[in-house]
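Please consult the sequence and the structure shown below.

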Amino acid sequence: MLFRSNPEILNNYAVILCKRGKHQKGEKYFLQAATNPLYKTPEAAYLNAGNCARGAGDLDNAEVNYRKALSVKPRFTQALYEMADLELKQKNFLSARGFLERYMEAGKTNAATLWLGFRIEQGLGNNAVARNYAQRLKTEYPSAAETKELLESERNSE
């Protein structure tokens, strides 16, 4: 089949499969695209494979794929963010901080990264740094969904 040799089509087909809940099959096609030497952005296919695995609840496989994306492109901000978030969810706070710091060196902060930083620093018990993230989130992104989550968490902790 012609589409099996075209990494762009493989990647796009895999997106559809994952959206339809066919995670294993989707991940397989993402990995085929990523390993095709003609594919110009294998890191994107690895990221997609990670997201697909994560959608299926397979955090170990998600991590493997995110790390593959970072091995291809070490400053790939989307993969750095996903790894920081994944490490936070697994309560690996120090590792999460490391990935977020790498993200912030390579990319621009946004409401999602500030919210992630807040939760990581809270997990580490660094309340002063967490407050700094919270203040930046409130100031720079007052109407963001993440700011609303922050305000809700502050209300619940009172």
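A residue counts as buried under 20% relative accessible area, as exposed over 50%, and as partly exposed in between (1.4 Å probe, protein chains only). The model is predicted: local features need pLDDT of at least 70, side-chain atom pairs count only at pLDDT 80 or more, and totals for chains, interfaces and linings use all residues. Residues are numbered from 1 along each chain as its sequence is written, and side-chain values use heavy atoms, with hydrogens and water left out.

**Loop residue**
- Lys91 lies in the loop between helix H5 (77–89) and helix H6 (93–106); helices are DSSP runs (H or I, at least four residues), numbered from the N terminus.
- Although Lys91 is not a glycine, its phi is positive, at about 65°.
- Lys91 is exposed because its relative accessibility is 62%.

**Aromatic pairs**
- There are three aromatic pairs in the structure; rings of Phe, Tyr and Trp (its six-membered ring) pair if their centres lie within 6.5 Å, and planes over 60 degrees apart count as edge-to-face.
- One of them is the edge-to-face pair of Tyr13 and Tyr29, with 5.2 Å centre to centre and 65° between the planes.
- This pair links Tyr13 in helix H1 (residues 7–19) with Tyr29 in helix H2 (residues 23–35), 16 residues apart.
- Tyr13 is partly exposed at 30% relative accessibility, whereas Tyr29 is buried at 3%.
- Tyr81 and Tyr103 have ring centres 6.4 Å apart and planes at 65°, so this pair is also edge-to-face.
- Tyr81 belongs to helix H5 and Tyr103 to helix H6, so the pair ties together parts 22 residues apart in sequence.
- Tyr103 is buried, with a relative accessible area of 8%.

**Charge over a ring**
- Lys28 lies over the face of Tyr29, 5.5 Å from the ring centre; this requires NZ of Lys or CZ of Arg within 6 Å of the ring centre and within 35 degrees of the ring normal.

Key:
Helices (H or I, at least four residues) and strands (E, at least two) are DSSP runs, numbered from the N terminus. Rings of Phe, Tyr and Trp (its six-membered ring) pair if their centres lie within 6.5 Å; planes under 30 degrees apart count as stacked, over 60 as edge-to-face and the rest as tilted.
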